Amino acid sequence: MEFGILNSDVKVVRRNSPGTKREDWCKWPEMNFDEMDSTLNVQMFIQQTIRKDPLNVTAILTPPKGQDEAVWKYEHLRQFCMELNGLAVLLQRECDPAVCLQMAATEQWIYLCAAHKNPKECTAIDYIRHTLDGAACLLTNNKYFPSRISIKDASVAKLGSVCRRVYRIFSHAYFNHKSLFDEFERKTHLCRRFTLFVIKYNLMIRDHLIIPKFDDIGLENISVEQQQHVEPVDLLNETTCGVGAV
């Protein structure tokens with residue numbers, strides 16, 4: 001499948017052929033955003049920037065000139081959820097249902113799983129699976145997100161709820177499986193990027209960002225009003241309490 005060209009003579013085929021070695025995976029030449037002639041161009045651009053330098057979270061979160069902000073936030077959240085599956089797989093090493101009976105971060109934060117008809121407690125690993133499955137179902141739901149090039153305001157309002165639920169995966173890993181969290185974060189810098197993302201776009205309030213490792217990330221260029229503001233959401237009945245939060 002051909003998505004663009006470098007020049008009039010050399011085509012860029014952005015596809016991993018059968019038998020591609022790990023070290024050659026996605027190693028096609030970079031393209032400018034304007035050359036990405038596809039409805040998936042925003043996703044392609046984000047993934048290209050991540051591959052270039054996953055540590056440079058500021059560059060990854062900087063949109064191309066003129067990019068629609070709603071689509072930019074939506075595509076980033078899709079990307080976060082895809083990458084978080086890697087952390088979920090890693091956590092299966094030790095996040096045993098017999099040990100992690102609840103989805104908890106600290107003693108103050110215990111979460112109820114909203115994947116059920118009535119929110120209830122789940123083992124941590126089941127909560128993580130349910131959260132990622134639910135996020136995938138919502139973000140690929142044609143009723144709310146029928147297009148990858150324009151998104152209605154009512155649908156954008158649902159992103160904050162997904163962010164809060166997804167962040168709990170990071171917080172559980174950090175406070176209960178620190179070595180696995182650190183192993184994953186060293187390779188991906190995903191929690192660092194996610195923290196800056198939700199602050200930059202006002203998708204979570206600071207009080208809910210409880211991982212101390214990223215306490216000051218991105219705050220030098222963000223006003224107090226932005227730090228305290230959170231977008232309204234209407235996905236299920238969100239609460240902002242500690243114990244029993246859904």
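Which helix supplies the largest share of the lining of the largest pocket, and with how many residues?

Modeller: Happy to! This is a predicted model, where local features need pLDDT of at least 70 and side-chain atom pairs pLDDT 80 or more, while totals for chains, interfaces and linings use all residues. Numbering starts from 1 along each chain as its sequence is written, and side-chain values use heavy atoms, without hydrogens or water.

Helix α1 (residues 41–52) gives the largest share, 5 residues (helices are DSSP runs of H or I, at least four residues). The largest pocket (an open set of 1 Å grid points with protein on both sides within 12 Å along at least five of seven lines, where a 1.4 Å probe fits; lining residues have an atom within 4 Å of a point) has a volume of about 360 Å³, meaning the space filled by probe spheres set on the points. It is lined by 15 residues, and W25, C26, W28, Q47 and R51 are the closest to its centre. By class, the lining has 7 nonpolar, 3 polar and 5 charged residues.

Helix α1 also packs on helix α3 (residues 69–91) at about 55°, with axes 10 Å apart (axes are fitted to C-alpha atoms, and angles run from 0 to 180 degrees). In their contact (heavy atoms within 4.5 Å), α1 contributes V42, Q43, F45, I46, Q47 and I50, and α3 contributes V71, W72, E75, H76, Q79, M82 and E83. These residues divide into 7 nonpolar, 4 polar and 2 charged.

How values were computed: Helix = DSSP H or I, 4+ residues; strand = E, 2+ residues; numbered from the N terminus. Nonpolar A, V, L, I, M, F, W, Y, C, P; charged D, E, K, R; others polar.
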